[in-house]
Amino acid sequence: MADKSSILQAAQNELKRHNWDTFVENPPSIAQGGRGVVVPGCAVCKKRINTTSQFVEHLANDVLPGIISRATQDQ
């Protein structure tokens, strides 16, 4: 059974992995001779995100449930 501090540390590490950045959709990019497009979003999940509120929603609705699921599986 995981204790609260290890669950918190795992949750923090997972949340820190996700960032609002850019990524290439449909790689390779045009610069590499392909048809890919650079889009804003979560580079880890490859999800398009255009606003700060959409990024917060992504963390709350997509990332956090996975963290909780993994934490409760260990118990």
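View 1. His-58 belongs to helix H2, which spans residues 52-73; helices (H or I, at least four residues) and strands (E, at least two) are DSSP runs, numbered from the N terminus. When its neighbours within four places in sequence are left aside, His-58 is in contact with His-18, Cys-42, Cys-45, Lys-47, Ile-49 and Val-63, contact being defined as heavy atoms within 4.5 Å. Residues are numbered from 1 along each chain as its sequence is written, and side-chain values use heavy atoms, with hydrogens and water left out. Because the model is predicted, local features need pLDDT of at least 70 and side-chain atom pairs count only at pLDDT 80 or more, whereas totals for chains, interfaces and linings use all residues.

**View 2. The aromatic pair of Trp-20 and Phe-55.** A search of the whole structure finds 1 aromatic pair. Trp-20 and Phe-55 form this pair, which is stacked, at 6.4 Å centre to centre and with 15° between the planes; rings of Phe, Tyr and Trp (its six-membered ring) pair if their centres lie within 6.5 Å, and planes under 30 degrees apart count as stacked, over 60 as edge-to-face and the rest as tilted. Since Trp-20 lies in strand S1 and Phe-55 in helix H2, the pair ties together parts that are 35 residues apart in sequence. Phe-55 is buried, with a relative accessible area of 13%, whereas Trp-20 counts as partly exposed at 36% relative accessibility.

**View 3. The largest nonpolar core.** Seven residues in all, namely Ala-11, Cys-42, Ile-49, Phe-55, Leu-59, Val-63 and Ile-67, make up this core, and H2 gives the most to it, with 4 residues. A nonpolar core is a set of buried Ala, Val, Leu, Ile, Met, Phe, Trp, Tyr and Cys residues joined through side-chain atoms within 4.5 Å. Not counting residues up to four places away in sequence, Ile-67 touches Ala-11, Glu-14 and Leu-15.

**View 4. The pairing of strands S1, S2 and S3.** Strand S1 (residues 20-25) pairs with strand S2 (residues 37-42) in the antiparallel sense over 6 bridges, and Val-37 in S2 is the bridge partner of Glu-25. Two strands pair if DSSP finds at least two bridges between them. S2 also pairs with strand S3 (residues 47-48), again in the antiparallel sense, over 2 bridges.

Methods: Buried < 20%, exposed > 50% of the residue type's maximum accessible area, 1.4 Å probe, protein only.
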